[in-house]
Each structure stands twice: as C-alpha cells, then as structure tokens.
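Here are some exercises to work through with the sequence and the 3D view side by side. Try each task yourself before you read its solution.

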Amino acid sequence: MAKLELFCRIATPFDKRGEFDEEAFRTWLQRFLKPKIGIYLGSGGGAEGHSLTWQELRRIYQIGVEECKGRIPVHANPPEQYSVRLTREYIFQAIETGVDMVSIYGLASRHGMRPTDLELTLYFKEVLAGVKHPICLAMNGHAMGYTPKAEVMADICNRHPQVVAFNLSHGADGYFVRFQEHLKRDIGIYVHCSGSLNKLTMGAKGVFGLEANIIPKTQRSYLDAYESKNFAKLGHLYEEIIRYTNFTSQWYPPSVRAIKMAIKLFKLPGWEGGLREPVRMPPPPEYKRFAAGLLRLGIPEIEQQARAAGLRVPK
C-alpha cells in the first residue's frame, strides 16, 4: 500500500512594509522538508492568495520549485476566479514555473453566483481544454460559497484524464461515499484532517489543510500512527489536532489570522510581518488572549516552539 501523503496550504510571509519576504519564505519552506509534507503555494486562504499580485504569485511558485521540487511535492493552488479565461491564465502561469501539480477550485461565487450542474461541467471542460499537466480539483464549499454535487464532481473527474487528484474540504462522510460510488478512475482523494479518520479507512490517500503551518510534526506523527496501526497514539494525536483546529477556527477567515499570530508568537520566519489588507492582525488584547489560549492547549509541539522562543509555558 502506498504511503499516505500529507499536504499543507502554506502561509506567505511578508516583511514590515507588507511586501513579500523572499528570504523568510525560503527559510519557511525548510519547515516542510524533514517531515515530508507536500506544499500548496499561493492558496486563497492560508497564503492570502487573493491579495498577492500576479508577479508575487509567479515568484512564490519559482522559489517553491527551487527549494523543494524533487524533495517534496510542490503544488500551486491559485485563488479561484470568476471566468474561464482568468482561471486558464493562472493555471498556465503555474505550469510555466515547473510546479508538480496545479489545484483549481470551481467558479468563484461573486455576488451570490451559484453555477448549475451544466454550467460547472462546461466550465471545467473549457478550463481544462488542452491542459496536459497534472491537475487537482478542489471542492471547498466554505471558500466557494456553494457545494457541488458529489456525482457532478466525480463525472468531471471521469471526463478529464489530466485530473489526477481531488481535495475534499469539510465534506461529510456521505459526500465522500457518493463521490467514490460515481468515480470510474483511480485518482487520489485527499481530505481535511477533521473527519479524516473515517475517510482514511474508506480509501483516502492522504490529508491536507492549514494545521501543518504550526504543528507539522504532530500531523506527520498522526499519519505515521495510522499507518503503523498504533491506535492509542493515533487517537491521542487526532485529539490534539482537533483541539488545535477548534481553538484556531475562532479567528476567521480560514484561520489565517491564527497562523500569523502563532508565527509572531514563536518568532518563526516572517514573524515581523503580518497579514495583508484587507485582513488585519487583531488588536493587542485579542492577540494576548490568543497567545494564552494556544499555550494552554497542552500540545507538546506548540510547547516546544514556545520554549524555543523564550516563552513560559503554563503547567
């Protein structure tokens, strides 16, 4: 059986002026090499992709390829667009930089737009026309503003051989089962960590998310425990990850505020920067509440980073 894979939609570090910090980014990438965590670059959520310029996205892909290709999977995750033309431009930009795979979402739901089944099918047909590079389709109802039917997404995957992976964010077990029932090709199905225990037993090939930005070793140990059938350790690690997710999800959107606050707290690469507008770092009282709560979670990896940053860990 193939080893389970772990992916992270990694954050983008900025400097004090709010500019993309290339030096910090190169250092940040090293965080994912040793635990063998594949990376998604430029995501609309965790990487603040919608705030990045065309030139910044290209540079992020280029650096990711330079530092990591051949060592861990390097995938582009360009932010969702509202038209076929724009989506194709972002796909080909990523392909030109040499990334291993490009992940694409469905149509952006601007002004309440919800595509019909036919519109979504035609959208992907036109977007993927002539694309020969490996593609991952991402179903994220929270980000897209709507949840396409499982059978529609399975049919789209069946129609396009360049689609070799499918990312299911926040989907219930029933969605996963329906998708598999209608899938006629062998593609990798990857799931968000929350709820992953059930889906791994049903055939998911790995886990993705944002958590590994801050707790990469914990997430890697979780999958290792699953593969070694160490169920006691597996349950304990899964509880730690869910406790972390429950806590950080208070700081929406997609916990990117929590990621940047943790980076600042532990003085990780790019800590002197912050979030890019329109998202802002919370005011000092809120940051203080976050820091205190994070250190009270009792997660060993968080406590180790806190001590390395010279912080006192509560007993």
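**Exercise 1. Which elements do the buried residues of α11 pack against?**

Step 1. The buried residues of α11 pack against α1 (22–29), α10 (231–248), α12 and α13 (300–308). Helices here are DSSP runs (H or I, at least four residues), numbered from the N terminus. Contact means heavy atoms within 4.5 Å, and buried means under 20% relative accessible area, with exposed over 50% and partly exposed in between (1.4 Å probe, protein chains only).

Before going on, note that this is a predicted model, where local features need pLDDT of at least 70 and side-chain atom pairs count only at pLDDT 80 or more, while totals for chains, interfaces and linings use all residues. Residues are numbered from 1 along each chain as its sequence is written, and side-chain values use heavy atoms, leaving out hydrogens and water.

Step 2. Now find the buried residues in α11: Val256, Ala258, Ile259, Lys260, Met261, Ala262, Ile263, Leu265 and Phe266.

Step 3. Nine of the 11 residues of α11 are buried, so this helix is largely enclosed by the rest of the structure.

**Exercise 2. Describe how α11 and α12 pack.**

Step 1. Two packed helices are described by the angle between their axes and the distance between the axes.

Step 2. For α11 (residues 256–266) and α12 (residues 284–295), the angle is about 80° and the axes are 10 Å apart. Axes are lines fitted to C-alpha atoms over the stretch in contact, and angles run from 0 to 180 degrees between N-to-C directions.

Step 3. α11 and α12 are therefore roughly perpendicular to each other, a label for angles of 65 to 115 degrees.

Step 4. On the α11 side, the contact is made by Ala258, Met261, Ala262, Lys264, Leu265 and Phe266. From α12 come Tyr287, Phe290, Ala291, Leu294 and Leu295.

**Exercise 3. What does leucine 294 touch?**

Step 1. Leave out residues up to four places away in sequence; leucine 294 then touches Tyr244, Phe247, Ala262, Leu265, Phe266 and Ile302.

**Exercise 4. How many disulfides does a search of the whole structure find?**

Step 1. A disulfide is a pair of cysteine sulfur atoms within 2.5 Å.

Step 2. The search finds zero disulfides.

Step 3. Take cysteine 68: its closest cysteine sulfur, in cysteine 8, is 12 Å away, too far for a bond. Cysteine 136 is in no disulfide either, and the nearest cysteine sulfur, that of cysteine 157, is 8.6 Å away.

Step 4. Check accessibility too: cysteine 68 is buried at 0% relative accessibility, and cysteine 136 is buried with a relative accessible area of 0%.

Conventions:
Helices (H or I, at least four residues) and strands (E, at least two) are DSSP runs, numbered from the N terminus. Angles under 35 degrees count as roughly parallel, over 145 as roughly antiparallel, 65 to 115 as roughly perpendicular and the rest as oblique.
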